[in-house]
Amino acid sequence: MRTRKSIPLLLGLLLTLSGCGLVGGDRGPRPLTPMPSQVPTGPEYATADDVIAAMAKGGFDCKVTVRNDYPHGSNATCEVQHRGTTVVNEISVLSTARFSRDEVGDSISTGRRAYRHTIVAAGNWFIWVRPGVYAYDMAAALPGSVVLEPLVDK
């Protein structure tokens, strides 16, 4: 009689522990998605403001609406008036002292795959350009960068 009651209890406990990762071992973090091979290793920028300055040299005066500085990078959102449209650029710069190229690539992959972002990238930085059709114009202002179209799972 005692065995009949303990088996469901034991199965429930095993299911609970396996859901918490306590049974079956630690699988560790998922592998990083490498930086796409067509993304050049440079130019590298220290801050999002440096990317904005480079955009200005390339002909786009990007008005900053949001700016964040962190110990290991920075990001900013800026807007450009281009061809009668407000183009929003969300810029991320990651410190090469802290983040590997593949960690930058993993961030880019998440945006392209999960959120269908069109990205301009090079070195240690990337920009989500909205609307994405203007990404090629933004890339033209940033020598050495490439445009990465959204990734769509089939």
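Predicted model: local features only at pLDDT ≥ 70, side-chain atom pairs only at ≥ 80, totals over all residues.
Which hand does the link of Cys62 and Cys78 have, with 85° about the S-S bond? It is right-handed.

A disulfide is a covalent bond between the sulfur atoms of two cysteines. Search the whole structure and you'll find one of them: Cys62 and Cys78, with their sulfur atoms 1.9 Å apart. Cys62 lies in the loop between helix 2 and strand 1 (63-70), while Cys78 belongs to strand 2 (residues 73-82), so the bond ties together parts that are 16 residues apart in sequence.

Now for the rings. A pair of aromatic rings is described by the distance of the centres and the angle of the planes. The structure holds one such pair. In Tyr45 and Trp125 the ring centres are 5.7 Å apart and the planes meet at 55°, so the pair counts as tilted. Tyr45 comes from the loop between helix 1 (2-20) and helix 2 (48-57) and Trp125 from strand 5 (residues 125-130), so this pair ties together parts that are 80 residues apart in sequence. Tyr45 and Trp125 are both buried.

Two arginines also sit over rings. Arg130 lies over the face of Trp128, 4.3 Å from the ring centre. The charged end of Arg98 does likewise with Phe99, at 4.8 Å from the centre of that ring.

Next, follow the chain into strand 4 (119-122). Why does Thr118 count as buried? Because its relative accessible area is 9%, and buried means under 20%. Its contacts beyond four places in sequence include Ile127, Trp128 and Val129, as well as Val147, Leu148 and Pro150.

Strand 4 itself is covered on both faces: Ile119 and Ala121 are buried on one side, Val120 and Ala122 on the other. Strand 4 and strand 5 run antiparallel, joined by four bridges, and Ile119 stands opposite Trp128. The hairpin they make has two residues between the strands, and there Gly123 takes a positive phi near 50°. Strand 4 has another antiparallel partner in strand 6 (residues 146-148), with three bridges joining them. Here Ala121 stands opposite Val146.

Methods: Residues numbered from 1 in each chain as written. Heavy atoms only, no water. Phe/Tyr/Trp six-rings, centres within 6.5 Å; stacked < 30°, edge-to-face > 60°. Buried < 20%, exposed > 50% of the residue type's maximum accessible area, 1.4 Å probe, protein only. Lys NZ or Arg CZ within 6 Å of the ring centre and 35° of its normal. Contact = heavy atoms within 4.5 Å. Disulfide = S-S within 2.5 Å. Pairing = 2+ DSSP bridges.
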